[in-house]
Amino acid sequence: MHVIKVGSDSGSCRIADLVNLNKLRGELCIAGMENVASAQITPEASIKNKGGLRKLVLHWSCIDSMFADEALSVLDSLQPHPDLEELTIRGFSGVRFPLWLGNHYMLSLSILELKDCQTCKELPSLGWLPCLKHLMINSLTSIKHVRRMLCSYDETSCGCCKSSTSRAFPALETLKFRNMESWEQWDEIEATDFPCLKHLTIIRCSKLRGLPKLQTLQNHGSKIVRICSTCQVSHPFIVLKLMVSSVLAIFFNSLYFLILRR
């Protein structure tokens, strides 16, 4: 993986150096994102022109909510090429993600990790992404409510966001939530959502009160339940009282297993 560290110290790069890397291919990590100002990102230096990239990691080392607006502007300006297949955003300090991450633009994105974005209060509309197979959401500690993720941030502008004809996450196979300490609700899910889901993992989300009430969520008798937690998980088919470090495996349409752990 090519690594670019942005900063003012010796050996560091400037974001403007991306101008000379239009033929860059494969994987790229940009570290020190907290040292990037949106004014420095010219059209020539944008990642949108780099169609050879398949994996991109954007890493903020310092999380400071005082610069939330600037962080959002920087990330918005670093919209990648639509052929990008894998994206990791780590340490982002904005309160929301840019709209390009949650619309049909990212047609080829198959793997997405959002990690340590501790001031973000809303997940993007990832349910639209047609090729997304693996989604990891880790340590987004300000998220309290997870919905279908089909709407834009202005829900009035998306008339189809609650339509039962729109399937959320049509290709998703793996969904992992970890260290979501403020997460309380997961709802507004339609029965046809997650048609390809095989693995659902929920770890250290102690305030989560229940699973989505999906018609297809069912127990086929192959479940594995180890009781040990304080999290109350309820569903028309499932009512479990877990006490610290439990593992629950159930079937959910094409789901192979579900892990809940504190």
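Tryptophan 186 is buried, with a relative accessible area of 5%, where buried means under 20%, exposed over 50% and partly exposed in between (1.4 Å probe, protein chains only). This is a predicted model, so to speak for local features a pLDDT of at least 70 is needed, side-chain atom pairs count only at pLDDT 80 or more, and totals for chains, interfaces and linings use all residues. Residues are numbered from 1 along each chain as its sequence is written, and side-chain values use heavy atoms, with hydrogens and water left out.

**Aromatic pairs**

Rings of Phe, Tyr and Trp (its six-membered ring) pair if their centres lie within 6.5 Å; planes under 30 degrees apart are stacked, over 60 edge-to-face, and the rest tilted. By that rule there are 7 aromatic pairs. Here are two of them, both edge-to-face.

| Aromatic pair | Centre to centre | Between the planes |
|---|---|---|
| Tryptophan 60 and phenylalanine 92 | 5.4 Å | 65° |
| Phenylalanine 177 and tryptophan 186 | 5.5 Å | 65° |

Tryptophan 60 sits in the loop between strand 3 (53-59) and helix 1 (68-77), and phenylalanine 92 in the loop between strand 4 (86-90) and strand 5 (111-115), so their pair ties together parts that are 32 residues apart in sequence. Helices (H or I, at least four residues) and strands (E, at least two) are DSSP runs, numbered from the N terminus. Both tryptophan 60 and phenylalanine 92 are buried.

Phenylalanine 177, the partner of tryptophan 186, is buried too, at a relative accessible area of 1%. These two belong to one aromatic cluster, made up of Phe169, Phe177, Trp183, Trp186 and Phe194.

**Strands**

Two strands pair if DSSP finds at least two bridges between them. Strand 8 (residues 174-178) runs parallel to strand 10, with 5 bridges joining them; arginine 178 has isoleucine 203 in strand 10 as its bridge partner. Strand 10 (residues 199-203) has 4 of its 5 residues buried, so it is largely enclosed by the rest of the structure.

**Cysteines**

How many disulfides does a search of the whole structure find? It finds 0, taking a disulfide as a pair of cysteine sulfur atoms within 2.5 Å. For cysteine 117, the closest cysteine sulfur is in cysteine 120, 6.5 Å away and too far for a bond. Cysteine 117 is buried at 0% relative accessibility, and cysteine 120 is buried as well, with a relative accessible area of 0%.

On a 1 Å grid over the protein atoms alone, a pocket is an open set of points with protein on both sides within 12 Å along at least five of seven lines, and lining residues have an atom within 4 Å of a point. Of the 13 lining residues, Met33, Glu34, Val36, Phe67 and Glu70 are the closest to the centre of this pocket. The lining divides into 8 nonpolar, 2 polar and 3 charged residues.

How values were computed: 1 Å grid on protein atoms, 1.4 Å probe; cavity = no way out; pocket = protein on both sides within 12 Å on 5 of 7 lines; lining within 4 Å. Nonpolar A, V, L, I, M, F, W, Y, C, P; charged D, E, K, R; others polar.
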